[in-house]
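The report below describes one protein chain for a reader who works with coordinates. Please keep the sequence and the model open while reading.

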Amino acid sequence: LITKLNVEEGVKVPEKFQQKIEANAKLAEEKKVAVDAKKKLRKTQRMELKMRARKYEKEYKSQQSVLLNMRRSAKTSGNFFVEPEAKLLFVMRIVGIIKLSPKPRKVLQLLRLRQLHNGVFLKVNKPILNMLKLVDPYVTYGYPSLKTT
């Protein structure tokens, strides 16, 4: 964009050319303001993301320390500590569609596992676990944790 006009004094500049330069200067100024606003917005968003990540990290550490204290107290008092059950499953299909009976095929569709090597995250509940028992030979699954991500 041409925003400045370098001409000697006394030289006439066409009116359209002058208008074009003024319009370009105005556009350049608007763009600069918009870029500055966007930079400011990004900076605040980055800061918010950092703070949220720190909050989650702190929360995870506190959960781990609570579990550790519970394990230790159970051990010292001679009791057993039952680990909390996972709330999330990751299921991946490992067998294709050839020679698959209709019921497991339908269950795989319900679990959104339509193709080989597809994976989904599922909530752990009784119906899901019953479906997994039905399609156990065709899928592999596990419980994700922070260490496995």
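The sections that follow cover the sheet, its strands, the helix packed on it, some loop residues and a pocket.

## Basis of the model

The structure is a predicted model, and local features are given where pLDDT is at least 70.

## The sheet

Three strands make up an open sheet, ordered E2-E1-E3, with antiparallel pairing. Strand E2, residues 119–123, and strand E3, residues 139–142, are at the edges; each has a single partner strand, so one side of each has no neighbour in the sheet. From one strand to the next the twist averages 25°.

Strands of a sheet pair through backbone hydrogen bonds, in either a parallel or an antiparallel way. Here E1 and E2 run antiparallel and are joined by five bridges. Between E1, residues 88–93, and E3 there are four bridges, and this pair is antiparallel as well.

On the E2 side, Leu88 is the bridge partner of Lys123, and Val91 is opposite Val120. On the E3 side, Met92 is opposite Thr140, and Arg93 has Val139 as its bridge partner.

## Two faces of the strands

Val120 and Leu122 form its covered face, and Gly119, Phe121 and Lys123 its uncovered one.

## Val91 in strand E1

Val91 is part of strand E1. Its relative accessible area is 0%, and residues under 20% count as buried, so Val91 is buried. Leaving out residues up to four places away in sequence, Val91 touches Leu113, Asn118, Gly119, Val120, Leu122, Leu132, Val139, Thr140 and Tyr141.

Val120 and Leu122 belong to the covered face of E2, and Val120 is the residue opposite Val91. Val139, another contact of Val91, lies 48 residues away along the chain, with a C-alpha separation of 6.7 Å.

Ile128 is a residue of helix H3. Its relative accessibility is 14%, which is under the 20% limit, so Ile128 counts as buried. Apart from neighbours within four places in sequence, its contacts are Leu89, Leu111, Leu122 and Lys123. Ile94 is 34 residues from Ile128 in sequence, and their C-alpha atoms are 18 Å apart.

## Loop residues

Arg112 is in the loop between helix H2, residues 102–110, and strand E2. Its phi is near 60°, a positive value in a residue other than glycine. His117 is located in the loop between H2 and E2 too, and its phi, near 65°, is again positive in a residue other than glycine. With a relative accessible area of 53%, against a limit of over 50%, His117 is exposed.

Asp136 is found in the loop between H3 and E3. Its relative accessibility is 40%, so Asp136 counts as partly exposed.

## The largest pocket

Empty space can be found by rolling a probe the size of a water molecule over the atoms. The largest pocket holds about 760 Å³ of space. Its lining consists of 15 residues, and those nearest the centre are Gln63, Gln64, Pro144, Ser145 and Leu146.

Which element gives the largest share of the lining of the largest pocket? Helix H1, residues 15–77, supplies four residues, the largest share. Sorted by class, the lining has eight nonpolar, four polar and three charged residues.

How values were computed:
Residues numbered from 1 in each chain as written. Predicted model: local features only at pLDDT ≥ 70, side-chain atom pairs only at ≥ 80, totals over all residues. Heavy atoms only, no water. Pairing = 2+ DSSP bridges. Axes fitted to C-alpha atoms, helices over the stretch in contact; angles between N-to-C directions. Buried < 20%, exposed > 50% of the residue type's maximum accessible area, 1.4 Å probe, protein only. 1 Å grid on protein atoms, 1.4 Å probe; cavity = no way out; pocket = protein on both sides within 12 Å on 5 of 7 lines; lining within 4 Å. Points joined across faces, edges and corners; volume = space filled by probe spheres on them. Nonpolar A, V, L, I, M, F, W, Y, C, P; charged D, E, K, R; others polar. Contact = heavy atoms within 4.5 Å.
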